[in-house]
Amino acid sequence: MTIWKILSVTALAMMAFAANSLLNREALLNTAIDPASFTFIRLASGAAILWLIVNARHCKTGFTSSHGTNRHHGKQGGPANWTSALALFVYAAAFSFAYVSLTAATGALLLFAAVQATMLGTGLWRGERLNTAQSAGLLLALAGLVVLLLPGVSAPSFWGAVLMIAAGIAWGVYSLRGKGVTQPIEATAKNFLCAVPFTVLLSVMMWSRQSLDWAGVGYALASGALASGVGYVLWYSVLPFLPATAAASVQLSVPVIAALGGVVLLDETLTVRLALASVAILGGIALVLRRDRKSG
């Protein structure tokens, strides 16, 4: 893969991930769809498009596999991983319910911070250590989070923030469980499919509040099939060509893209509080992700 193709595919993947925030927020703000229905349609359509892609990939290698030379290994090659599917469901559901009251920018920033905090915390718990610059970055990111969540005129909704942080923790758990998977697209397709029953249960529990319209359904389909399904395929296709630090660092662009998209497309206001918190949180995480030069 050429450098320009790597850059373009990476950019498309990051825009797809940011689009999830924009599509969720627009649907729950300006259409009649409820969060539970949005979650169901998003995961069901994501599962459908991922399985279509997986089957298409298998068809291309059909002659090879028919001769017994196309072997599939990896810890996700067997039965469905229901724990991962549950984590995926918790992420998607909390994500949708949070966007009832959060702006696209704030939601994306809280999500990203919670994901990174979960993965970093797990690493520290397992015995990893931070150097001086990384420790300073962690403190800077925490300070930015405090600034964002302090009560005030422009502070986000408390319960919206709690739900989005929960979504980030769930996605962090999902990401950690996916480390070492040798067939990530197939594993993601399985997990999406196995998460659908959880969304059905949620929809039944929220039946009295169910509300749908064509615009909301369209946004949910776009979020599931394009921003999630196709977005993950693009990301996994380019991930092997990116160094680990580059792969982690490039994801810093997602909250920025979501913030700009919210201002341009959703008429959201970029407040001073959000701008300062974004610089602190993203800058701090960038320091944490930076490889120790002495060990790198």
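A polar contact is a pair of N or O atoms within 3.5 Å. The views below come from a predicted model.

**View 1. Thr31 in the loop between helix 1 and helix 2.** The loop joins the two helices, residues 3–30 and 35–60. A polar atom of the Thr31 side chain lies 2.5 Å from the backbone oxygen of Ala27. The backbone nitrogen of Ile33 is 3.4 Å from a polar atom of that side chain. Leaving aside residues up to four places away in sequence, Thr31 touches Glu26, Asp213, Ala215, Gly216 and Tyr219. Thr31 counts as buried because its relative accessibility is 15%, under the 20% cut-off.

**View 2. The aromatic pair of Tyr91 and Trp171.** The structure holds 11 aromatic pairs. Tyr91 and Trp171 form a tilted one, 4.8 Å centre to centre with 50° between the planes. Tyr91 sits in helix 4 (residues 82–98) and Trp171 in helix 7 (residues 158–177), so the pair ties together parts 80 residues apart in sequence. Both count as buried: Tyr91 at 5% relative accessibility, Trp171 at 18%.

**View 3. Trp171 and Tyr232, a stacked pair.** The ring centres are 5.8 Å apart and the planes meet at 15°, so the pair is stacked. Trp171 in helix 7 is linked here to Tyr232 in helix 9 (residues 214–238), 61 residues apart. Tyr232 is buried, at 6% relative accessible area. One aromatic cluster includes Tyr91, Trp171 and Tyr232, with Phe17 and Trp235 also among its members.

**View 4. A nonpolar surface patch.** Val263, Val264, Leu265 and Leu270 together have about 390 Å² of accessible area. Val263 belongs to helix 11 (residues 253–265). Val263 is partly exposed, with a relative accessible area of 34%.

Methods: Residues numbered from 1 in each chain as written. Predicted model: local features only at pLDDT ≥ 70, side-chain atom pairs only at ≥ 80, totals over all residues. Heavy atoms only, no water. Patch = residues over 30% accessible without salt bridge, like charges linked within 9 Å, V, L, I, M, F, W, Y side chains within 5 Å. Areas by Shrake-Rupley, 256 points an atom, 1.4 Å probe, with all protein chains shown as cover. Salt bridge = Lys/Arg side-chain N within 4 Å of Asp/Glu carboxyl O. Helix = DSSP H or I, 4+ residues; strand = E, 2+ residues; numbered from the N terminus. Buried < 20%, exposed > 50% of the residue type's maximum accessible area, 1.4 Å probe, protein only. Polar contact = N/O pair within 3.5 Å; in protein donor to acceptor, adjacent residues only side chain to side chain. Contact = heavy atoms within 4.5 Å. Phe/Tyr/Trp six-rings, centres within 6.5 Å; stacked < 30°, edge-to-face > 60°.
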